[in-house]
Amino acid sequence: MASNRSQGGIQQLLAAEQEAQHIVNAARSAKLARLKQAKEEAEREIAEYRAQVELDFQKKVASSGDSGANVKRLEQETETKINHLKSEASRISQDVVEMLLKHVTTVRN
């Protein structure tokens, strides 16, 4: 009779082990499904963010105008400033030369 009880106890242990294994397998499956869902959600959020950033970039590029036109405008402004500096230099160059000559030829004790 003791062997019947031990057989019954062993059977109960085996059944409990199988049930535990099913629970562990179900938990693993649920975990994998949740990880897959989280990955898909993250990829979707990344795609939405990337699209938004790209849209913002395209708006900025469109609002800034043609970059070739900007380069041309900057070149014209630079040329204007250079011409202004050249004309100022030629206007005051004679005064500078006279001032330098005066200081070089003046003897101080």
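By salt bridge I mean a side-chain nitrogen of Lys or Arg within 4 Å of a carboxyl oxygen of Asp or Glu. The general idea is that side chains of opposite charge can pair when their charged atoms come close. Both Glu88 and Arg91 sit in helix 2, three residues apart, which is about one turn of the helix. Helices here are DSSP runs (H or I, at least four residues), strands are E runs of at least two, and the numbering goes from the N terminus.

Before I go on, a word on where this comes from: it's a predicted model, where local features need pLDDT of at least 70 and side-chain atom pairs count only at pLDDT 80 or more, while totals for chains, interfaces and linings use all residues. Residues are numbered from 1 along each chain as its sequence is written, and side-chain values use heavy atoms, with hydrogens and water left out.

Back to our pair. The cut-offs: buried is under 20% relative accessible area, exposed is over 50%, and partly exposed is in between, using a 1.4 Å probe and protein chains only.

How many salt bridges are there by this rule? The count is three.

Glu41 is partly exposed at 28% relative accessibility, and Arg34 is partly exposed at 44%.

Glu17 belongs to helix 1, residues 2-64, and is exposed, with a relative accessible area of 52%.

Now, the record. UniProt, in an unreviewed entry, annotates residues 25-59 as a "coiled-coil region". Those positions use the numbering used here, feature names are shortened, and annotations may be inferred rather than shown by experiment. In the model that span is 100% helix and 0% strand, and its end C-alpha atoms lie 51 Å apart.

Next, a greasy spot. Ile92, Val96, Met99 and Leu100 make a nonpolar surface patch of about 340 Å². Patches take residues with over 30% relative accessible area and no salt bridge, joining like charges within 9 Å and nonpolar side chains (Val, Leu, Ile, Met, Phe, Trp, Tyr) within 5 Å. Ile92 is in helix 2, residues 67-105, and is partly exposed at 36%.

Finally, zoom out. The whole protein has two helices and zero strands. Its C-alpha atoms fill a box of roughly 135 × 50 × 10 Å along the principal axes. The radius of gyration is 43 Å, while a compact globule of 109 residues would be near 13 Å; that's taken over C-alpha atoms, with the globule rule being 2.2 Å times the number of residues to the power 0.38. And what percentage of the 109 residues count as buried? It's 0%.

Terms used:
Accessible areas come from the Shrake-Rupley method with a 1.4 Å probe; for residues, only the protein chains shown count as cover.
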